Amino acid sequence: MERPADPRFQLPSPLTAVAFGMHRFLLGLFLSFTVTAADGPPSMAQALKLFQIEKGARIKIAAMEPQLRDPVAMCFDDKGRMLVVESAGYPFLPADGKEVPKLGSIALLEDADGDGRFEKRTTFADGFTFPNGILPWKGGVFVTCAPDIWYLKDTTGDGRADVRRVVLTGFGTKSSSEQLRVASPTLGPDGWVYVTSGLTDASVTSPLHPKRKAVVSKRQDGRFHPETFVYEPLAGVGQFGQCFDAAGNRFVSSNRNPLMHVVVAPELLGSNPLYPFTETVENVVPVAAKVYPLSPDTTAASYIPSLISRQHAGTYTSASGIVIRGHDAFICEPAQNLVQRQVLTQAGATFAAAHPSPGNDFLATPDQWFRPVHATVGPDGALYVCDMVRQYIDHPRYLPEAIRGKLPFKAGTEHGRIWRITLKTPAPPKPTAAQADAARQNLAIRSGQFPNKPVKALLKQAQSKDANARFLAALQLAKQNHPDKAKALASALMEDADDKWLRAAVFNALSKGDAVPVLDHIRTTRPVRNGAVQQSYLTTMKELGRIVAQDCTPAQMIHFWNLGTQMAQPELRKEPIRISVWERAAFLNGLILGAKKKGVKLTATHPDAHPLRNFIPLTSKLTPAEIKAQYEANKLPPDVVADFTIKSTLRSARNSVEAGITLPRRFAAIELMGHTDFGFAGDALLRLLVPRGDLADIALRTPDIQAAAVQALGNLNDARVSQGLLEPKAWASFTPTVREAVLGIITRSALHHPALIDALEKGTVPVHAITPSRRKTLERHKTAGARAKKLFAQHTGGDRMKAFEAAKPILKLKGDAANGAKIFTRACATCHRHGDSGHAVGPDLTGLRNQPAEALLLHIIVPNQEVYPQYTMYEVDTVETETFAGLLAAETPLQITLKLPLGLAKTIPRKDIKAIRASSISLMPDLLEKTMTQQELADLLAFLKK
């Protein structure tokens with residue numbers, strides 16, 4: 001029986017649909033819980049009618065119960081037979097004295113009559129705990145079942161494996177559930193078998209080679225050789241789902257991360273100390289991207305008020321079972337009963353993905369028993385999908401203990417289906433020998449295994465029109481020396497300055513002294529595409545500036561600045577000059593940052609001074625009259641020319657802050673102002689923040705521009721900054737976004753603390769605007785700390801649970817969701833997102849409509865009731881007496897990165913850190929309800945539940 005594509009779908013009847021109802025509960029308080037459901041899943045015929053599938057595709061059943069149960073992975077052998085992993089033991093909750101069940105098995109399914117249905121079953125192997133992955137190899141199969149990887153083979157022809165041996169062991173099993181284990185064995189184009197870590201650690205050994213040392217892996221994917229069983233950890237952290245495309249690119253998935261391209265091995269782009277780059281993976285499909293379910297929300301987060309800030313409905317929550325067919329990536333989303341298709345296109349060194357029909361997914365159904373967990377392309381080119389057929393797919397551990405025994409997590413375990421989907425596009429042809437070799441080479445180079453290729457060939461490849469070829473050439477040139485290397489790298493960079501991976505590869509490949517030749521090339525070649533300069537050109541110039549400042553001598557930098565100005569000597573004017581003042585400003589920003597990293601003390605002693613005065617020392621001591629005479633004679637010394645050029649750039653940047661220029665240029669100018677002093681830049685920056693009658697261009701005062709201006713003012717390290725920003729009229733005019741930026745730069749520097757406490761005491765800034773972490777920072781101030789403690793003691797929130805009980809009458813008010821949206825923007829958007837509004841710092845509040853209003857009110861009134869580990873706040877004191885507070889986004893041996901309000905990020909070298917403190921309190925302040933009326937609070941609740 002087959003179901004053709006149909007844009008319409010039939011709603012389930014009361015007899016076949018899953019009906020359920022649940023009374024929610026508050027934190028720690030189990031109120032009541034009831035579930036009603038149909039006796040079982042829809043029949044195969046009913047399930048077919050419920051599917052909505054993309055136009056041009058056709059779906060039919062390939063295998064089903066009773067021949068099959070609980071399929072979680074599958075493959076085809078060389079005879080066209082199915083080998084299916086069955087995980088009937090899932091889920092499992094260990095208890096005292098309770099043995100781990102061994103209900104897992106491998107089913108061998110055959111289509112005996114050739115009708116497309118695999119109706120003949122033989123149990124190929126059984127007695128496994130939680131098997132989850134399978135790969136055919138030389139007449140047998142590899143099976144992942146932590147802590148082991150097995151090899152199984154039938155040598156007698158009876159359809160049962162008589163060879164059963166563990167080839168690798170030591171994979172982690174002490175995770176929160178059986179979902180999180182080694183999985184997805186996949187044969188790479190290099191002949192190695194790749195596995196995902198399942199987010200667990202491992203200490204891998206081979207019983208077949210007992211003398212080998214254990215290979216320790218910390219939540220890293222890995223690969224093993226199928227003959228020697230040598231094991232190696234890899235970049236990337238996949239959970240359940242892995243595949244390769246025809247070009248040898250590896251992709252993994254992990255719950256909220258539906259499709260991740262493992263671009264490079266971690267050590268490849270981090271070897272240049274002048275340009276630290278720590279990324280290895282590209283989220284080709286964005287984290288928590290949208291899906292379009294037809295079924296009601298039954299994701300774990302929707303049932304749990306303690307997960308109120310992590311709602312997942314309508315976004316990826318259980319991405320798994322990925323497979324790529326041609327340019328199409330298919331991603332299973334079992335928690336929301338669908339399979340999504342994303343179309344991949346090459347985007348520089350990696351890929352971009354686009355949903356072909358937003359609003360409708362490739363395969364979806366209102367049938368909540370449809371649980372697609374794995375997909376693969378069969379030998380016939382069709383897509384095969386493993387449907388576990390479970391009423392609930394989430395593991396019991398992810399629900400409160402009081403509920404675990406009340407939900408039928410085993411419902412459906414006697415069922416299982418595999419669906420065959422024929423697609424409108426023909427199956428991609430088998431790769432040619434040349435294509436297979438290119439795929440092997442692509443994978444090897446990205447893994448750090450470079451072929452023995454002549455350097456001249458790499459120099460030519462770096463100038464290729466193919467983005468991937470340029471990227472691979474740049475990676476390999478990192479270990480080559482040649483007089484034309486810098487020019488070739490610069491040419492590659494100018495071909496696609498917007499590709500962050502190519503920029504990283506180019507900068508990583510620069511040898512000492514290469515930066516200036518790269519700049520010499522760039523000054524004559526602008527990266528133009530479709531008639532416009534590429535957006536990332538200014539970013540490229542800034543990044544180059546950081547490298548130059550650390551790698552080059554002052555004379556070399558003078559050389560560059562002279563080439564970038566029409567004041568240069570006649571012999572230099574003959575060459576084309578294509579570096580605008582904006583690119584010089586961006587480059588100067590990088591120079592300053594690089595100089596600071598190098599340890600150069602930057603000062604500005606008067607309004608016309610520039611902070612590179614000490615970095616490019618002025619050796620010429622000419623009087624103004626002598627300068628004028630030598631200028632007219634075209635005989636100015638290079639250092640004086642450079643000094644004039646930088647001063648000119650600074651003045652142009654100051655004037656352009658209020659000019660009608662593009663945003664990237666304005667941001668570069670604003671950032672540069674932050675590297676001068678208050679006398680030079682203070683008024684120009686404040687004009688972007690403080691209302692002025694003569695400020696005609698209202699577009700200048702957008703939140704992004706104002707936030708950039710605040711950051712630049714903060715870098716000036718001048719007490720007049722806080723005085724200007726906290727002036728009553730100015731503070732009253734700031735939007736929530738700008739207020740957050742202002743409080744951020746003021747609280748991080750002790751210089752501004754007295755002014756802030758003054759403003760708090762006067763009531764200019766409300767006390768409730770200061771988060772708990774910032775209060776503690778102010779209380780630690782040497783001279784003003786006592787005033788801060790006294791002030792905050794007078795404005796304590798009291799017993800927040802009593803405040804919550806007192807606020808409950810609000811729940812009876814009728815809320816206005818439209819007005820609630822305005823309240824959200826005013827009170828919550830600096831740290832939270834809801835739909836397309838706000839900033840993703842704290843938990844995303846999208847999709848809270850399934851949560852009871854009482855639970856929402858609790859988290860608003862008592863934000864510190866529970867602080868989730870990933871939202872633990874860290875305070876960092878630097879040696880320069882600055883304090884930053886935010887979420888720990890990333891850390892390496894050399895630096896840490898904090899995620900700050902407004903979605904900003906701050907990377908701090910560890911050598912600059914004086915102290916780090918982890919806090920148990922929330923970033924969200926107490927007394928938030930004091931910022932709104934009772935009706936406004938009711939409106940906010942209505943908006944969150946909309």
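Trainee: Where does the model come from?
Mentor: This is a predicted model. Keep that in mind as we go.

Trainee: Okay. How many helices and strands are there?
Mentor: The protein has 28 helices and 38 strands.

Trainee: And what share of the residues is buried?
Mentor: The protein has 946 residues, and 55% of them count as buried.

Trainee: What about the surface?
Mentor: The accessible surface is about 39600 Å². Carbon and sulfur atoms hold 54% of that.

Trainee: What share of the contacts links residues 24 or more positions apart?
Mentor: Take the contacts with a separation of 6 or more: 65% of them join residues 24 or more positions apart.

Trainee: Let's do sheets. What is the strand order in the one with β18?
Mentor: The order is β18-β19-β20-β21, in an open sheet with antiparallel pairing.

Trainee: Which strands stand at the edges?
Mentor: β18 (242-244) and β21 (281-285) do. Each has a single partner strand, so one side of each has no neighbour in the sheet. On average, neighbouring strands here are turned by 30° against each other, direction ignored.

Trainee: How many bridges join β19 to β20?
Mentor: There are 3 bridges between β19 (residues 250-254) and β20 (residues 257-262). S254 stands opposite N257 in β20.

Trainee: What holds paired strands together in general?
Mentor: Strands of a sheet pair through backbone hydrogen bonds.

Trainee: Next sheet. What is the order in the one with β12?
Mentor: That open sheet has 4 strands, ordered β12-β13-β16-β17, and the pairing is antiparallel. The edges are β12 (183-187) and β17 (231-233). Each of these has a single partner strand, so one side of each lacks a neighbour in the sheet. Neighbouring strands are turned by 25° on average, direction ignored.

Trainee: What joins β13 to β16?
Mentor: 3 bridges do, with β13 (residues 193-196) running antiparallel to β16 (residues 222-224). V193 has F224 in β16 as its bridge partner.

Trainee: Helices now. At what angle do α7 and α8 pack?
Mentor: About 170°, with the axes 10 Å apart. Angles over 145 degrees count as roughly antiparallel, so α7 and α8 are roughly antiparallel to each other.

Trainee: Which residues meet there?
Mentor: From α7 (residues 485-495), K485, L489, A492 and L493 take part. They meet L502, R503, V506, F507 and A509 in α8. By class, that contact has 7 nonpolar, no polar and 2 charged residues.

Trainee: Why is α23 called largely enclosed?
Mentor: Because 6 of the 8 residues of α23 (residues 772-779) are buried. They are P772, S773, R774, R775, T777 and L778.

Trainee: Last one. Where does T315 lie?
Mentor: T315 is in the loop between α2 (300-303) and β22 (320-325).

Trainee: Buried or exposed?
Mentor: Buried. The cut-off is under 20% relative accessible area, and T315 has 16% relative accessibility, so T315 counts as buried.

Trainee: Which residues does T315 touch?
Mentor: Leaving out residues up to four places away in sequence, T315 touches R256, A288, A289, K290, V291 and Q336.

Methods: Residues are numbered from 1 along each chain as its sequence is written. This is a predicted model: local features need pLDDT of at least 70, side-chain atom pairs count only at pLDDT 80 or more; totals for chains, interfaces and linings use all residues. Side-chain values use heavy atoms; hydrogens and water are left out. Helices (H or I, at least four residues) and strands (E, at least two) are DSSP runs, numbered from the N terminus. Buried means under 20% relative accessible area, exposed over 50%, partly exposed in between (1.4 Å probe, protein chains only). Contact means heavy atoms within 4.5 Å. Accessible areas come from the Shrake-Rupley method with a 1.4 Å probe; for residues, only the protein chains shown count as cover. Two strands pair if DSSP finds at least two bridges between them. Axes are lines fitted to C-alpha atoms, for helices over the stretch in contact, and angles run from 0 to 180 degrees between N-to-C directions. Angles under 35 degrees count as roughly parallel, over 145 as roughly antiparallel, 65 to 115 as roughly perpendicular and the rest as oblique. Ala, Val, Leu, Ile, Met, Phe, Trp, Tyr, Cys and Pro count as nonpolar, Asp, Glu, Lys and Arg as charged, and the others, Gly among them, as polar.
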